[in-house]
Amino acid sequence: PYIAEENDFIIDNENFSKEYDIEPSRQALGSVRIPVLMFHQIAEIPYNESAFKQGLYITPEVFEQQVAYLTKKNYKSISTEEFFNILKTGKNPTQKTVVLTFDDSVDNHYTTAYPILKKYGQMGVFFVVSHRSAITTEQLKEMSDSGMDIESHTSTHPDLTKVTSDSELTSEIAGSRGTLTTITGKTVNSIAYPGCVANTNAYSKVQNSGYLTGFSCGRRIDHYYINRFSLSRTHVSNSLESLKIILSGRY
């Protein structure tokens with residue numbers, strides 16, 4: 001569904017309130033509305049696995065439909081730094097905007113998701129487990145140089161609420177940031193918490209390690225600057241309809 005070839009396709013950067021397929025929910029007072037979408041596996045669904053694991057998969061065909069839909073509807077995908085800068089203003093963007101995030105640095109992020117995003121001129125935010133990544137350092141550098149946003153998913157993907165050693169917590173949070181910065185040559189601004197869980201110690205370490213934002217999970221697409229270290233991301237299912245529901249805040 002390569003819609004960029006259509007002659008009548010025109011970018012509209014003033015479309016925030018226009019043409020939703022599903023009537024949007026009422027926005028939370030004083031918030032900034034930018035859906036942060038979460039993906040895990042972009043591959044064929046393994047039907048011999050549990051329902052939970054199957055739910056982490058989106059087929060390449062459906063994923064391309066979703067990216068093509070976002071493009072045709074004039075959605076702009078942004079980096080975590082851009083998200084932070086908009087969040088800090090406390091105002092909605094004028095253009096429909098999303099953050100497309102991918103967890104766990106599995107190989108199909110490089111082989112499948114990345115080429116599709118490039119094809120449609122969209123940006124992906126890849127939260128990388130720096131010391132357990134299936135994407136090589138050369139591939140991460142290539143992705144970064146091509147406009148993808150490489151961010152942290154800790155060093156080894158532990159449950160941060162169970163890490164009691166300060167040195168270990170530093171290694172997981174600050175260490176991964178340093179490693180990924182060395183690989184890409186760019187500042188790492190954000191972290192996604194493994195299993196979407198963190199506690200006061202983790203939040204404090206994230207803030208003190210130089211991160212601008214920290215991402216968890218949830219159903220909210222409306223965000224507040226005060227909650228920038230515990231931001232909601234909504235997991236996308238294997239259908240275009242699920243994406244439309246999330247974009248309108250009806251999840």
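In these legends, contact means heavy atoms within 4.5 Å. This is a predicted model, where local features need pLDDT of at least 70, side-chain atom pairs count only at pLDDT 80 or more, and totals for chains, interfaces and linings use all residues. Residues are numbered from 1 along each chain as its sequence is written, and side-chain values use heavy atoms, with hydrogens and water left out.

**View 1. His131, in the loop between β7 and α5.** Helices (H or I, at least four residues) and strands (E, at least two) are DSSP runs, numbered from the N terminus. Leave aside neighbours within four places in sequence, and His131 is in contact with Ser155, Thr156 and Thr179. Is His131 buried or exposed? Exposed, with 52% relative accessibility; the cut-offs are under 20% relative accessible area for buried, over 50% for exposed and in between for partly exposed (1.4 Å probe, protein chains only). Look for His153 too: 22 residues separate it from His131 in sequence, and the C-alpha atoms are 9.9 Å apart in space.

**View 2. Phe126 on strand β7 (residues 125-128).** Here we have a buried side of the story, with Phe126 at a relative accessible area of 1%. Not counting residues up to four places away in sequence, Phe126 touches Phe102, His109, Leu117, Met143, Met148, Asp149, Ile150 and Glu151. Gly55, 71 residues from Phe126 in sequence, sits 19 Å from it, C-alpha to C-alpha.

**View 3. Leu117 on helix α4 (residues 107-119).** Leu117 is buried, at 0% relative accessibility. Once neighbours within four places in sequence are set aside, its contacts are Phe63, Val67, Leu100, Phe102, Gln122, Gly124, Phe126 and Met148.

**View 4. Helix α5 (residues 137-145) against helix α6 (residues 166-184).** Two packed helices are described by the angle between their axes and the distance between the axes. For α5 and α6, the axes come within 8 Å and cross at roughly 70 degrees. The axes are lines fitted to C-alpha atoms, for helices over the stretch in contact, and angles run from 0 to 180 degrees between N-to-C directions. So α5 and α6 are roughly perpendicular to each other; angles under 35 degrees count as roughly parallel, over 145 as roughly antiparallel, 65 to 115 as roughly perpendicular and the rest as oblique. Which residues make the contact? On α5 they are Thr137, Leu140, Lys141 and Ser144, and on α6 they are Leu180, Ile183 and Thr184. Sorted by class, the contact has three nonpolar, three polar and one charged residues. The classes put Ala, Val, Leu, Ile, Met, Phe, Trp, Tyr, Cys and Pro under nonpolar, Asp, Glu, Lys and Arg under charged, and the others, Gly among them, under polar.

**View 5. The disulfide between Cys196 and Cys217.** Their sulfur atoms are 1.5 Å apart, and the term covers a pair of cysteine sulfur atoms within 2.5 Å. Cys196 is in the loop between β9 (190-192) and α7 (200-208), and Cys217 in the loop between β10 (213-215) and β11 (222-223), so the pair ties together parts that are 21 residues apart in sequence. Cys217 is partly exposed, its relative accessible area being 30%. A search of the whole structure turns up one disulfide.

**View 6. Asn74 and its positive phi.** Most residues other than glycine have a negative phi, and most peptide bonds are trans. Phi of Asn74, though, is near 65 degrees. Asn74 belongs to the loop between α2 (60-72) and β5 (76-77), and it is buried, with a relative accessible area of 11%.

**View 7. Asp104, with phi near 90 degrees.** That value is positive, in a residue other than glycine. Find Asp104 in the loop between β6 (97-103) and α4. Asp104 is partly exposed, at 25% relative accessibility.

**View 8. Ser50, in the loop between β3 (41-42) and α1 (51-54).** Ser50 counts as partly exposed at 38% relative accessibility. Gln139 is 89 residues from Ser50 along the chain, and 30 Å separates their C-alpha atoms.
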